[in-house]
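Work through the exercises below with the model open. Try each task before reading its solution.

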Amino acid sequence: MSVIPEDQNLEILIVFTSESGNTKKVVNMLQKELELKKYSVTVKNALTTTEEHLHDADLVLIGTPVHGYILFGQKPADAVRKMLDTGLPKDLHQKRFIGFATYLFFPAATLNRVKNAIISRNGKYLSSFSNRRSKKEALAKEITEYIIHLQAPS
Ligand SMILES: Cc1cc2nc3c(=O)[nH]c(=O)nc-3n(C[C@H](O)[C@H](O)[C@H](O)COP(=O)(O)O)c2cc1C
């Protein structure tokens, strides 16, 4: 059975941060591919995302680079961590979220930080996606296909 009714017009919000442009490129590809599939897509920087932006969305994608010390301490970039810590409403009322990340070596538990923040506020965390910064197209494609599948008929 499809997770989201087939006929629902899905409003997608992509919240992201990007320091050197890799995650932003994935965001741009996602926006383009999802709009081609007739989804309504809004893109916001994590630093300027407010509760109202979240309120209007049916599905929220949170994108971040992996920041750490190569072998340990992997986490989302500051702007995304700040949004997770202080920018989310206390109750997300089962709103659906997906996390994604670009990295150079490995992502470790970076997206668990996103997942835990969403679940602890009563959000529904659907899935995590990550890939090397050299595989941006593959990452965008994988996420797009997952979203399309959410509304696919059984
Ligand atoms: C401060 C800093 C720390 C990083 N730490 C890691 C790391 O621990 N593991 C890893 O795989 N990549 C690490 N990277 C690489 C980034 O995750 C990767 O280049 C990412 O695609 C950057 O995304 P952006 O261009 O959107 O900022 C680090 C990059 C920076 C700038």
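**Exercise 1.** Find where His-93 lies and decide whether His-93 is buried or exposed.

*Solution.* Start with the place: His-93 sits in the loop between α3 (78-86) and β5. Helices (H or I, at least four residues) and strands (E, at least two) are DSSP runs, numbered from the N terminus. Residues are numbered from 1 along each chain as its sequence is written. This is a predicted model: local features need pLDDT of at least 70, side-chain atom pairs count only at pLDDT 80 or more, and totals for chains, interfaces and linings use all residues. Next, count neighbours. His-93 has 10 other C-beta atoms within 10 Å, so His-93 is exposed. The rule: buried means 20 or more other C-beta atoms within 10 Å of the residue's own, exposed 12 or fewer, partly exposed in between, with C-beta atoms placed from the backbone. Last, check the backbone. Phi of His-93 is near 45°, a positive value in a residue other than glycine.

**Exercise 2.** Locate Lys-38 and say what its phi is.

*Solution.* Lys-38 belongs to the loop between α1 and β2 (40-45). Its phi is positive, about 75°, although Lys-38 is not a glycine. Now the count: 8 other C-beta atoms lie within 10 Å, so Lys-38 is exposed.

**Exercise 3.** Determine whether Ile-98 is buried or exposed, and list which residues Ile-98 touches.

*Solution.* Ile-98 is in strand β5 (residues 96-103). With 24 other C-beta atoms within 10 Å, Ile-98 is buried. Leaving out residues up to four places away in sequence, Ile-98 touches Leu-61, Leu-126, Ser-127, Phe-129 and Ile-143. Contact here means C-beta atoms, placed from the backbone, within 7 Å. Take Phe-129: it is 31 residues from Ile-98 along the chain, and their C-alpha atoms are separated by 7.9 Å.

**Exercise 4.** Describe how α1 and α5 pack.

*Solution.* First, the geometry. α1 and helix α5 (residues 136-150) meet at an angle of about 40°, with axes 9 Å apart. Axes are lines fitted to C-alpha atoms, for helices over the stretch in contact, and angles run from 0 to 180 degrees between N-to-C directions. The two helices are therefore oblique to each other. Angles under 35 degrees count as roughly parallel, over 145 as roughly antiparallel, 65 to 115 as roughly perpendicular and the rest as oblique. Then the residues. Among those of α1 that take part are Asn-22, Val-26 and Leu-30; those of α5 include Lys-136, Ala-140 and Ile-143.

How values were computed
Two residues are in contact if their C-beta atoms, placed from the backbone, lie within 7 Å.
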